[in-house]
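New notebook page, new structure. I'll jot down what I look up as I go.

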Amino acid sequence: MQHYTGITQVVSLAAADPAAGRTPILPLMGELVFGVIVFAIFLWIIATKVVPNLEKAYAERTAAIEGGMQQAEEAQQQAQAALEQYQAQLTEARAEAARIREEAREQGASIVAEMRGHAQTEATRITEAAHKQIEAERQQAIVQLRSEVGRLSTDLASRIVGESLHEEARRKGIVDRFLSELEAGEIRPERVGEDA
């Protein structure tokens, strides 16, 4: 057996054996029928087993992709709704914060006004108490001065007159009358030693 290489040698061998009566390119009829039957069986196996599985996988893949796209759209819609809800809550929170700030400002103003009112009331009360205390001290000073002026006047008058004017009843009446006349303006001071 010889090994032939190359197409030229096959053609030359086929041309050299015209007795065989067949062309070397065409297979034998039995081989051809067997090849067609095996091809048909192979085609039937692919058509009944492989193609439905491929179609099923393709359908599942398509459904998964479409489902994923649908889920993505739903997720996007949910995200959009959540964003809108967040923005609405944010707007509401801002409005609430502005309202709280305004209430706090109003409460602060009312507290300041109330504190001013309390301070004014307290200042008025303290001023009135001080005036009352001053008036009481003035009255007390007047009483003490009257008493002291009366005593000094009695002492002076006793020295001038030369007799004792220290009797309480006498002194009280004379001094009180003198001070009343002095306050009323009925007594005018006279200068001693002036020539008329």
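I started with patches, so I noted the rule: they are made of residues with over 30% relative accessible area and no salt bridge, with like charges joined within 9 Å and nonpolar side chains (Val, Leu, Ile, Met, Phe, Trp, Tyr) within 5 Å. Areas here come from the Shrake-Rupley method with a 1.4 Å probe, and for residues only the protein chains shown count as cover. A salt bridge is a side-chain nitrogen of Lys or Arg within 4 Å of a carboxyl oxygen of Asp or Glu.

Before going on, I wrote down what I'm looking at. This is a predicted model, where local features need pLDDT of at least 70, side-chain atom pairs count only at pLDDT 80 or more, and totals for chains, interfaces and linings use all residues. Residues are numbered from 1 along each chain as its sequence is written, and side-chain values use heavy atoms, with hydrogens and water left out.

**Entry: the patch.** I found a nonpolar surface patch of about 790 Å², made by Met29, Leu32, Val33, Val36, Ile37, Ile41, Trp44 and Ile45. I picked out Trp44, which sits in helix 2 (residues 29–161). Helices (H or I, at least four residues) and strands (E, at least two) are DSSP runs, numbered from the N terminus. Is Trp44 buried or exposed? Trp44 counts as exposed because its relative accessibility is 55%; the cut-offs are under 20% for buried, over 50% for exposed, and partly exposed in between (1.4 Å probe, protein chains only).

**Entry: the whole chain.** I counted three helices and zero strands, and the order from the N terminus is α-α-α. Of the 196 residues, 4% are buried. The chain's accessible surface comes to about 17,400 Å², and carbon and sulfur atoms account for 61% of that.

**Entry: salt bridges.** How many salt bridges does the structure hold? I get five. One of them joins the side chains of Glu102 and Arg105, at 2.9 Å from N to O. These two are about one helical turn apart, because three residues separate their positions in helix 2. Glu102 is partly exposed at 36%, while Arg105 is exposed at 53%.

Next I looked at Glu122 and Arg125, whose closest N and O atoms are 2.3 Å apart in a salt bridge. Glu122 is partly exposed at 35%, and Arg125 is partly exposed at 46%.

Glu135 and Arg138 also meet in a salt bridge, 3.2 Å from N to O. Both lie in helix 2, three residues apart, about one turn of the helix.
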